Amino acid sequence: HHTHHDLERAFAFHREILEALDEGDGEWAEGVMRAHLRAGRRSLRQMEQEQRTSDVDDPGRASA
């Protein structure tokens with residue numbers, strides 16, 4: 001259920017993490033990984049909120 005934007009952002013994080021590792025820069029890799037995890041957490045929370053809103057708008061959908 002990720003948006004195209006979410007996936008593009010995740011792939012960009014992955015590429016940057018690999019670049020940092022290739023450069024041997026653990027601090028850079030760690031910083032990017034932390035940002036990646038925060039972005040993923042935000043995305044999941046947003047999806048959960050949208051699901052709850054959808055379930056309220058269509059109560060029959062929650063039990064389907």
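Arg38 is placed in helix α2, which spans residues 26-57. The model described here is predicted. Because its relative accessibility is 44%, Arg38 counts as partly exposed; the partly exposed class lies between the buried limit of under 20% and the exposed limit of over 50%.

On the surface, Arg38 belongs to a patch of positive charge that also contains Arg41, Arg42 and Arg45.

## Overall architecture

The protein chain contains three helices and zero strands. Read from the N terminus, its elements follow the order α-α-α.

Of the 64 residues in the protein chain, 17% are buried. The chain exposes about 5,200 Å², and carbon and sulfur atoms supply 53% of that area.

## Salt bridges

How many salt bridges does a search of the whole structure find? The search finds two.

One of these joins Asp6 and Arg9, whose closest N and O atoms are 3.1 Å apart. Both residues lie in helix α1 (residues 4-22), where a separation of three residues amounts to about one turn of the helix. Asp6 counts as buried because its relative accessibility is 14%, whereas Arg9, with a relative accessible area of 26%, is partly exposed.

A salt bridge also links the side chains of Arg34 and Glu30, at 2.8 Å from N to O. This pair lies in helix α2, with the two residues four apart, about one turn of the helix. Arg34 has a relative accessible area of 49% and is therefore partly exposed; Glu30, at 40% relative accessibility, also counts as partly exposed.

Note on methods:
Residues are numbered from 1 along each chain as its sequence is written. This is a predicted model: local features need pLDDT of at least 70, side-chain atom pairs count only at pLDDT 80 or more; totals for chains, interfaces and linings use all residues. Side-chain values use heavy atoms; hydrogens and water are left out. Patches are made of residues with over 30% relative accessible area and no salt bridge: like charges are joined within 9 Å, nonpolar side chains (Val, Leu, Ile, Met, Phe, Trp, Tyr) within 5 Å. Accessible areas come from the Shrake-Rupley method with a 1.4 Å probe; for residues, only the protein chains shown count as cover. A salt bridge is a side-chain nitrogen of Lys or Arg within 4 Å of a carboxyl oxygen of Asp or Glu. Lys and Arg count as positive and Asp and Glu as negative; His and the chain ends are not counted. The place of a charge is taken as NZ of Lys, CZ of Arg, CG of Asp or CD of Glu. Buried means under 20% relative accessible area, exposed over 50%, partly exposed in between (1.4 Å probe, protein chains only).
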